[in-house]
Every structure is written in structure tokens, then in C-alpha cells.
Amino acid sequence: MKRRKRLLGSVLLSLLLLGSNDTAYARPGGGSSFKGGGSRSSGSSSSPSRSSSSSSGSRSSSSSSGSRSSGSSWGSRPVSIGGTTGSGSRSSGGGTPRKTVWAFRDQSGALRAREAPSPGASIYAAPAPHAPIPIGPDTTSTAERVAGFVFGAGFFAVGAGVLAAPMFLLGLLLRRQRKRNQLDVGWSSAGHLSAPMYAPSEPEESPAEVRRKMERLRGQDPDFSVILLEDFITALYAEAHTARGSNALEKYSPYLRPTARTTLGSLPRVPVTTVIVGSLRLVSFVIDTRTQQSRLVVELESNYTEDPQGAPPTSLYALERWTFVRALGARSRSPDRVRSFVCPNCGAPLERTTHGRCTYCSQAVDSGQFDWVVERIDLLAREARGPMLTGTTEEEGTELPTVFDPGLSAQRMEMARRDASFTESTFFGRVQWIFTAMQHAWTSLEWNRARPCLTDRLWRAQSYWIDAYRQQGLRNVTENARILRIELVRIASDRWYEAATVRVHATGLDYTIRVGDNAVVGGRRNKERAYTEYWTLVRSATQHGPTRAAPACPQCGATLTMEMAERCGYCGTLVEASTFDWVLSRIEQDEAYAG
């Protein structure tokens with residue numbers, strides 16, 4: 001049976017090959033295409049015979065010349081069967097009609113033939129088309145849409161909150177640090193200022209660290225004094241703001257570089273009066289060996305009044321950051337010249353300077369070669385409102401441990417070497433006298449009575465608040481105020497001054513009343529308030545001898561009473577406070593003091 005099947009297959013194959021005399025193409029499922037290169041049949045009859053291998057340009061898959069099939073196995077292949085001319089061209093007339101026959105193997109592997117329904121057509125049926133996928137109407141309800149929107153908005157809000165929370169916490173920390181770093185706030189706080197107009201980029205250091213670094217300048221400048229420099233800065237600040245109100249900033253070009261003048265010039269050009277620096281904080285200090293300059297950054301908190309024409313005066317708080325530079329070879333001013341603003345090279349009046357050049361000595365004097373010059377001014381805050389004098393502010397830092405300077409023991413020994421008559425007990429007595437004098441002057445609003453025991457800068461800063469209380473018809477009362485304990489924490493000195501810092505532990509009633517009806521508008525009249533502060537006292541470096549608990553006239557030796565403000569009541573001698581004995585120079589809150 002198998003032999004009969006093979007024989008039948010061979011016969012059919014021979015018939016197909018003998019009748020093929022035209023081009024044929026592979027169809028889907030039939031492997032690679034191939035093309036006969038002009039082979040012709042050996043005759044016109046349809047009797048089986050083999051193709052001539054010697055005269056054909058195309059061979060079967062086993063031949064090595066002409067065109068070849070692409071594989072050795074058969075799939076299904078179409079061939080044409082019909083009459084041909086002797087020349088091998090297609091028949092055009094009455095020959096046998098051409099038919100397309102497909103040869104293929106069935107599932108058992110047997111070779112079979114099947115006639116196509118039409119010439120060139122496939123025996124395989126076309127695939128059935130896919131049924132279209134029905135798309136119905138949107139059945140989402142309004143409630144589902146609302147729920148989706150709420151869910152999306154909630155997810156966005158949670159994400160935004162996660163991102164914003166660290167920024168919010170950072171802002172709180174910066175705000176708390178700002179409050180801790182406020183110095184020289186004196187007896188009344190200036191309150192919180194508006195949001196910064198500029199975000200400073202300088203790295204900040206503690207004021208104590210800045211002071212220690214600045215003392216290195218004495219190696220090249222023996223006259224350098226931090227105390228005198230702070231007086232110079234506050235005086236220049238007041239001069240500059242007064243000048244910008246009168247459009248006269250160019251006059252101060254030896255001390256204000258163009259960038260600094262431009263910043264101040266951007267503020268309203270209206271008359272400025274009563275410029276008081278309430279706080280001066282040392283921010284950073286560095287010596288630039290490349291430019292051979294020292295660079296100091298300070299932060300100034302101030303109050304001043306702008307008086308525009310045709311409008312009522314406006315009281316403003318301001319917070320500014322000033323950057324100073326000076327050549328390393330420059331020398332500091334002496335105390336008698338610290339508030340004198342002339343040509344820093346030749347001493348000519350400022351009217352002789354133009355664009356930072358003195359016309360008298362023909363020197364460019366705004367480079368920092370001769371004195372400190374303001375390189376840049378950053379306006380951190382500026383708020384138009386009066387001082388807040390009512391309400392109650394809780395004390396902070398009273399329970400903090402006392403900050404002692406690490407070198408205090410060596411400082412005590414050095415003070416004893418310079419002045420053998422110095423004792424802490426008499427010095428503390430001087431502190432007690434200053435404390436009592438200030439309470440009386442403050443409560444009575446007669447601030448001139450405190451002038452003999454304060455530096456000029458601190459006295460002027462506190463006088464602003466006295467004037468503010470008067471203007472608002474208020475009075476701050478410190479009743480039964482007394483010192484409980486005093487601790488010496490630091491001693492320092494330079495060519496011009498000696499300085500000693502103490503921590504004062506005190507208590508007493510502290511409240512504010514309205515003068516018209518004595519109504520309490522701040523603090524408590526029946527509860528004492530404990531507080532601590534760090535006080536820095538200074539005196540002339542040449543003034544040695546026993547410390548007086550009460551001041552005495554340097555000319556006649558008579559005791560100065562509280563009513564004797566600036567001149568001795570006996571001989572009329574002008575009392576220059578720090579020239580003769582210890583006076584209060586700085587008040588720092590205990591939560592801000594860093595040593």
C-alpha cells in the first residue's frame with residue numbers, strides 16, 4: 001500500500017514538472033520564492049519526461065547553477081499546467097486551458113495535489129474578519145466623578161504638605177535663631193520686623209567668635225578697638241541715612257562705595273530724623289590674604305523717622321546688613337576722631353571729595369586703603385509702624401547656665417598685673433550703682449540722669465524708647481528693682497579701653513501704665529519678674545585706681561549725684577563717662593549671649 005502511494009506521488013510530480021514552462025511565485029505557507037531562468041519543456045506533448053539538465057538554465061533544488069529554491073523541503077507550491085508553443089512562449093489560442101494546481105503534504109506527510117478555483121488563486125480560504133468590539137456610552141455617574149476629583153485633590157494636598165513641612169520647620173528654626181541673636185535690645189524690645197527683603201548668604205558666627213577673630217588685627221594695627229569700631233559704625237549709619245534723606249549720599253563716598261550708595265538711594269528721598277541704632281550684631285569676620293583686606297559683616301537694627309512734606313512723620317523699624325572692608329595695613333582711629341567724618345587720608349572736609357576721590361590730596365579714598373568702607377548694604381526688613389510699648393513679653397533664658405569665658409582665670413591675673421587696686425567687690429558695687437541709677441532715670445522718664453553711667457552710644461539708643469513712651473502717653477515702671485547676684489564672666493582690653501562682662505541676676509515689678517489714668521496696659525503690678533542679663537562695662541585703659549561705687553568729679557573729686565548729668569555741680573567740669581570710671585556699654589539678653 002505504501003509503495004502504491006509513493007508511485008502515485010512520483011507520477012503526479014513528473015506531470016507537474018513536465019508541464020511547467022512559465023514563471024511561478026511562492027505563496028503564503030510555501031517557503032521562499034524562486035524564479036525559473038528560461039527553462040523550456042522538451043516538447044509539446046504531455047507525456048512524462050525529465051527536464052533536460054544540459055539545456056536548461058534552471059535546475060531543481062539539487063542543481064548548482066542558475067536559480068535555486070531556498071530550501072530542501074517542500075511546503076505547498078503552485079504550478080501552471082497547460083499547452084505551450086514550441087518556442088516556450090505562452091499559448092494564445094486553442095491550447096489546453098491553463099490551470100493552477102497546488103502541491104502540498106497532508107498531515108500524514110503524503111504529497112498531494114489540488115486544483116485552485118482560478119489561475120493564481122490560493123487554495124486557502126481568507127481568514128474570517130474579527131467582529132467589531134462594541135463601545136457603549138459613558139456610564140460614569142456624577143458622584144463617581146466628584147469622588148475621583150476629591151481623591152486626586154487630596155492626594156495632591158498630601159504630597160504638597162510632605163514637601164512643604166520641612167520648609168516650614170526650617171523657617172521656624174531661622175525665626176527662633178533670629179530672636180536669640182538680637183543684641184543690645186536694652187529695656188524694651190523692638191518687636192518682630194517684617195519678612196526679609198533679602199536673604200543673606202554670608203555664613204554667620206557668634207558675636208563672641210567674631211570679636212576674638214577681630215582681635216588678631218592688633219598684630220598689624222595696635223590701635224584697633226572693637227568698642228571704637230562699633231561707635232564708628234553706628235555714627236556712620238546715622239550720617240548715611242540722614243544724608244540719603246537730603247540727597248547728599250555722594251558727600252560720603254569715601255565711606256560708602258557706589259553699590260552701597262545705590263542701595264540707600266533706592267529708599268524714599270524724604271527728610272530722615274532721630275536715627276537710633278538699637279542693636280549692632282557682629283555677623284562674620286574674615287581676613288582675605290589674596291586681596292590683603294579684612295571683611296566684616298554687621299547687622300544693624302534701627303529706628304528712624306521719615307518726615308515727608310505735606311504728610312505726617314512716619315516711624316520705621318529697619319534691619320540692615322552692612323559689609324565693611326579695609327586694607328590690612330590701615331590704622332584705626334583714636335577715640336577723639338571716631339565720630340569725625342573727613343577725608344580718611346588728609347583730613348580735608350568731605351565737601352572736597354567727589355566720587356570717592358579727595359580733590360585736596362588727589363587720592364582715591366573709597367578703596368579701604370585708609371579706613372573702613374562700606375562695600376555693600378542689604379536691606380533685610382523695613383516696616384512702617386511705631387514701637388510696641390504695651391503688652392507682656394515672657395522672659396527667656398533666665399534658667400540657662402552662665403557662660404564663662406574659657407580664659408577667665410588668665411584674664412583675672414592680667415587685670416591684677418595692669419591694675420593692682422582692682423577688686424571684684426568694688427567693681428560689683430559700681431555695677432549696683434549703675435543699675436539703681438538706670439531704674440530711677442527710666443521710670444521717671446528723666447533719662448539725662450543716666451548719662452554719667454552709660455556710653456554715649458547706649459545712652460542714645462535707650463533715649464529713643466524714652467521719647468516713644470512720652471509720645472504715647474505711657475510710662476514703664478520698674479518698682480522695687482534689685483540685684484540678687486552678679487557673676488564676672490569675661491575681661492578684655494585693648495590700647496584704649498578695658499572691658500568686663502558680668503551676668504546680672506535681678507528681680508522686681510515691671511509694668512507699663514497710661515499716664516492719664518494710671519491704668520496698667522502691660523506687665524503686672526502685683527507680681528515680681530525675675531530676669532538675667534549680660535552687661536559689658538568699659539573704662540579708659542589709662543584710668544587705674546580704686547573703683548568708685550558712686551561717681552566722683554575727675555577735677556575736684558566731689559561726689560556726683562544722680563541729678564548731675566553731664567557737668568559737675570560744684571566746678572562745672574564736663575563729665576566724659578568712660579574716661580574716668582566703668583560705664584555700661586552693652587546689654588545682651590541671656591538667651592542670645594554666646595561669650
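Tutor: A residue is called buried at under 20% relative accessible area, exposed at over 50% and partly exposed in between, with a 1.4 Å probe and protein chains only. The model is predicted, so local features need pLDDT of at least 70 and side-chain atom pairs count only at pLDDT 80 or more, while totals for chains, interfaces and linings use all residues. Residues are numbered from 1 along each chain as its sequence is written, and side-chain values use heavy atoms, without hydrogens and water.

Student: Which residues does the face of helix 6 turned away from its buried side carry?
Tutor: That face carries Ser409, Met413 and Arg417, which are exposed.

Student: Why are the buried residues of helix 6 said to line one face?
Tutor: In helix 6 (residues 408-418), the buried residues are Leu408, Gln411 and Met415. Seen down the helix axis, the buried residues fall within an arc of 55° (taken from the directions from the axis to the C-beta atoms), so they line one face of helix 6. Their cover includes strand 11 (474-493), strand 12 and strand 14 (531-540).

Student: What makes a set of residues a nonpolar core?
Tutor: Its members are buried Ala, Val, Leu, Ile, Met, Phe, Trp, Tyr and Cys residues joined through side-chain atoms within 4.5 Å. The largest such core here has 47 residues, and Phe232 and Trp372 are among those with the most contacts inside it.

How values were computed
Helix = DSSP H or I, 4+ residues; strand = E, 2+ residues; numbered from the N terminus. Contact = heavy atoms within 4.5 Å.
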